[in-house]
Amino acid sequence: MSDTEQQTLNLPSLIIVVIIVGLSIRYFFFSPSSSNTGSSNRGRGADPAHVDQIQQMFPQLNRRDIQWDLQRNGGSVQATTERVLGGRGLERPPPSFQPIEPPSSSIPTRPAPSPPKSSHPDLITRYNLAGRISAASQPEDGTPEEESSKPQVMWGQSKAERQALLQRRREDMVLAARRKMEERERQREKGKGKE
């Protein structure tokens with residue numbers, strides 16, 4: 001009779017075995033401490049470097065929206081970028097979402113481009129066109145005729161010729177834009193003088 005008691009399992013011990021097996025499967029296969037970075041990233045929020053990367057690509061996006069989307073998709077920059085480029089946009093985070101603020105060292109990223117502007121305040125200074133402005137301002141009525149009478153070279157034979165041609169076109173475009181801007185300012189001043 002002792003052989004039959006050892007071979008059969010009663011109902012409570014069977015339930016305990018099923019629970020232990022279920023918990024062990026869950027622990028080994030669905031553990032948040034596994035090598036999957038996406039599941040471990042969900043708990044702590046979005047990586048500030050990823051948020052900065054997306055913010056640089058799409059400056060029109062709100063930082064909070066980017067953090068919410070990165071947290072929802074497990075920190076995948078690619079998925080967030082695809083969502084924005086696909087035209088779907090980013091969902092608004094719920095009011096209860098409190099993003100992790102970036103460290104104070106990454107906040108002044110926007111004012112960084114301003115120092116190059118101060119060293120070259122305008123295109124005339126950058127491309128050294130001050131001499132051409134004074135020369136172009138003297139025969140003001142003759143400039144359009146001179147430009148139309150110049151021979152139009154389509155493309156140079158050597159790299160140096162092409163580079164010189166493109167540089168000259170760029171300078172001409174900057175000077176033409178300056179002339180148009182000055183003409184508009186003169187017209188505005190004339191319009192204000194009449195009123």
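Predicted model: local features only at pLDDT ≥ 70, side-chain atom pairs only at ≥ 80, totals over all residues.

Four residues, Arg178, Glu182, Glu183 and Arg186, are linked in a network of salt bridges. Arginine 186 counts as partly exposed because its relative accessibility is 31%. Glutamate 183 is likewise partly exposed, at 33%.

The structure as a whole holds 7 salt bridges. Among them is the one between aspartate 52 and arginine 63, whose closest N and O atoms are 2.8 Å apart. This pair links distant parts of the chain: aspartate 52 sits in helix α4 and arginine 63 in helix α5, 11 residues apart.

A further salt bridge joins the side chains of arginine 92 and aspartate 65, at 2.8 Å from N to O. Arginine 92 is in the loop between α6 and α7, whereas aspartate 65 is in helix α5, so the pair ties together parts that are 27 residues apart in sequence. Are the two partners buried or exposed? Arginine 92 counts as exposed, with a relative accessibility of 61%. Aspartate 65, by contrast, is buried, with a relative accessible area of 9%.

I turn now to the aromatic residues. A pair of aromatic rings is described by the distance of the centres and the angle of the planes. A search of the whole structure finds 2 aromatic pairs. In the pair formed by tyrosine 27 and phenylalanine 28, the ring centres are 5.3 Å apart and the planes stand at 75°, so the arrangement is edge-to-face. Tyrosine 27 is exposed, at 54% relative accessible area, and phenylalanine 28 is exposed as well, at 63%.

The other pair consists of tryptophan 68 and phenylalanine 97. Their ring centres are 5.0 Å apart and their planes are at 65°; this pair, too, is therefore edge-to-face. Tryptophan 68 lies in helix α5, residues 63-72, and phenylalanine 97 in the loop between α6 (77-85) and α7 (114-119), so the pair ties together parts 29 residues apart in sequence. Both tryptophan 68 and phenylalanine 97 are buried.

Let us next consider helix α6. Which of its residues are buried? They are Val77, Thr80, Thr81 and Val84. These residues cover an arc of only 100° around the axis, which means that they lie on the same side of α6. What covers them includes α4, residues 48-57, and α5. Just after α6 comes glycine 87, which takes a positive phi of about 90°.

Finally, I would draw your attention to asparagine 73, in the loop between α5 and α6. Its side chain reaches the backbone nitrogen of glycine 75 at 3.2 Å. Which residues does asparagine 73 contact, leaving aside its neighbours within four places in sequence? Those contacts are Ala79, Thr80 and Arg83.

Thank you for your attention.

Definitions and conventions. Residues numbered from 1 in each chain as written. Heavy atoms only, no water. Phe/Tyr/Trp six-rings, centres within 6.5 Å; stacked < 30°, edge-to-face > 60°. Buried < 20%, exposed > 50% of the residue type's maximum accessible area, 1.4 Å probe, protein only. Helix = DSSP H or I, 4+ residues; strand = E, 2+ residues; numbered from the N terminus. Arc of directions from axis to C-beta. Contact = heavy atoms within 4.5 Å. Polar contact = N/O pair within 3.5 Å; in protein donor to acceptor, adjacent residues only side chain to side chain.
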